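Please keep the sequence and the model at hand while reading.

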Amino acid sequence: MKDEVILKERHDDDLTFYKDEKIQFTHCTPNRNLTLSELFRFTADAAGEDFSLREMSWDFLADKGLAIILSRVSYHIERMPVADELITLKTWESAAQGPLCTRNYEIYKYGSDELLVKGQSLWTILDFNNHRLMPAKAYPYRPAPTVVTDFTGIKCGKISIPENMELIGKKTILYSDLDANGHANNSKYINFVFDLLPQEFQTKSYKDVRLNYSKETKLGEELEIKVSYQDNMIVAQGLVNGVSSFEAELYY
């Protein structure tokens with residue numbers, strides 16, 4: 001009988017949050033690699049659990065009239081986790097970048113120092129009381145992080161859209177795309193692109209992925225998905241009534 005593995009979540013003394021996971025069959029592509037959408041979901045969920053354990057849960061923020069809004073995210077993939085693999089996800093807040101809060105991620109093979117994926121996200125707080133975004137320095141419910149983390153992947157900058165974009169299809173936002181905020185979950189957008197790509201690009205191994213969230217999409221809205229194929233990269237954009245909802249870059 002194999003030794004029992006106990007998967008845990010915990011903070012260290014520096015408030016870095018660790019979460020152990022097992023990659024399930026349902027989290028993976030046909031080649032057994034973790035899907036990009038599940039990577040997005042794992043990291044977002046870990047950030048939420050980090051805040052919940054620090055008494056800043058979704059309900060706590062909602063009671064204050066606040067919500068976390070993801071703005072930009074970037075991942076560098078050394079090797080994608082695979083089905084049945086155990087991993088440890090590590091996440092922490094670092095010093096703000098101007099008005100945006102910053103969070104870093106690292107995913108390791110469980111029980112080792114083999115780094116599989118690293119990432120960084122920029123996010124802000126929406127204040128429903130005045131319908132404005134709250135700058136990072138104004139968020140009052142935890143000490144503001146001061147340590148700058150040097151993210152060596154592609155920075156979470158603004159994604160430029162080339163002129164030669166081509167329409168590859170349309171996606172209507174369905175009930176199953178929504179999350180508890182009532183709009184399409186951030187982890188779903190990468191699927192909107194992949195479901196419409198030619199198979200040769202669906203099965204490539206991507207090394208860097210960036211996504212900018214520009215405008216939420218709601219139930220029944222129709223996204224036009226456009227792409228441009230570059231030398232080693234795909235640029236993608238989703239638009240609702242001509243207004244950009246998200247932009248993405250996928251490097252292979």
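Buried means under 20% relative accessible area, exposed means over 50%, and partly exposed lies in between. The structure is a predicted model. With a relative accessibility of 41%, Val5 therefore counts as partly exposed.

**Surface patch**

- Val5 lies in the segment that comes before β1 (9-11).
- Together with Leu7 and Tyr110, Val5 makes up a nonpolar patch on the surface.
- The accessible area of Val5, Leu7 and Tyr110 together is about 230 Å².

**Nonpolar cores**

- The largest nonpolar core contains 41 residues.
- Within this core, the residues with the most contacts are Leu36, Leu39, Val117 and Leu211.
- Leaving out residues up to four places away in sequence, Leu36 touches Ile77, Met80, Ile190, Phe194, Val209 and Leu250.

- Ala67 is part of strand β3, which spans residues 66-77.
- The relative accessibility of Ala67 is 9%, so Ala67 counts as buried.
- Apart from neighbours within four places in sequence, Ala67 is in contact with Thr124, Ile125, Leu126 and Phe128.
- One of these contacts, Ile125, is 58 residues from Ala67 along the chain, and the two C-alpha atoms are 5.6 Å apart.

**Aromatic pairs**

- A search of the whole structure gives 12 aromatic pairs.
- Phe194 and Tyr206 form an aromatic pair with edge-to-face geometry.
- Their ring centres are 5.6 Å apart, and the angle between the planes is 80 degrees.
- Planes over 60 degrees apart count as edge-to-face, so the 80 degrees between Phe194 and Tyr206 places this pair in that class.
- The pair links distant parts of the chain, its two residues being 12 residues apart.
- Phe194 sits in helix α3 (residues 189-194), whereas Tyr206 sits in the loop between α4 (199-202) and β9 (208-213).
- Phe194 has a relative accessible area of 14% and is therefore buried.
- Tyr206 is buried as well, because its relative accessible area is 7%.
- Phe194 and Tyr206 belong to one aromatic cluster, together with Phe201, Tyr229 and Tyr252.
- Phe194 is also among the residues that Leu36 touches.

How values were computed. Residues are numbered from 1 along each chain as its sequence is written. This is a predicted model: local features need pLDDT of at least 70, side-chain atom pairs count only at pLDDT 80 or more; totals for chains, interfaces and linings use all residues. Side-chain values use heavy atoms; hydrogens and water are left out. Patches are made of residues with over 30% relative accessible area and no salt bridge: like charges are joined within 9 Å, nonpolar side chains (Val, Leu, Ile, Met, Phe, Trp, Tyr) within 5 Å. Accessible areas come from the Shrake-Rupley method with a 1.4 Å probe; for residues, only the protein chains shown count as cover. A salt bridge is a side-chain nitrogen of Lys or Arg within 4 Å of a carboxyl oxygen of Asp or Glu. Helices (H or I, at least four residues) and strands (E, at least two) are DSSP runs, numbered from the N terminus. Buried means under 20% relative accessible area, exposed over 50%, partly exposed in between (1.4 Å probe, protein chains only). Contact means heavy atoms within 4.5 Å. A nonpolar core is a set of buried Ala, Val, Leu, Ile, Met, Phe, Trp, Tyr and Cys residues joined through side-chain atoms within 4.5 Å. Rings of Phe, Tyr and Trp (its six-membered ring) pair if their centres lie within 6.5 Å; planes under 30 degrees apart count as stacked, over 60 as edge-to-face and the rest as tilted.
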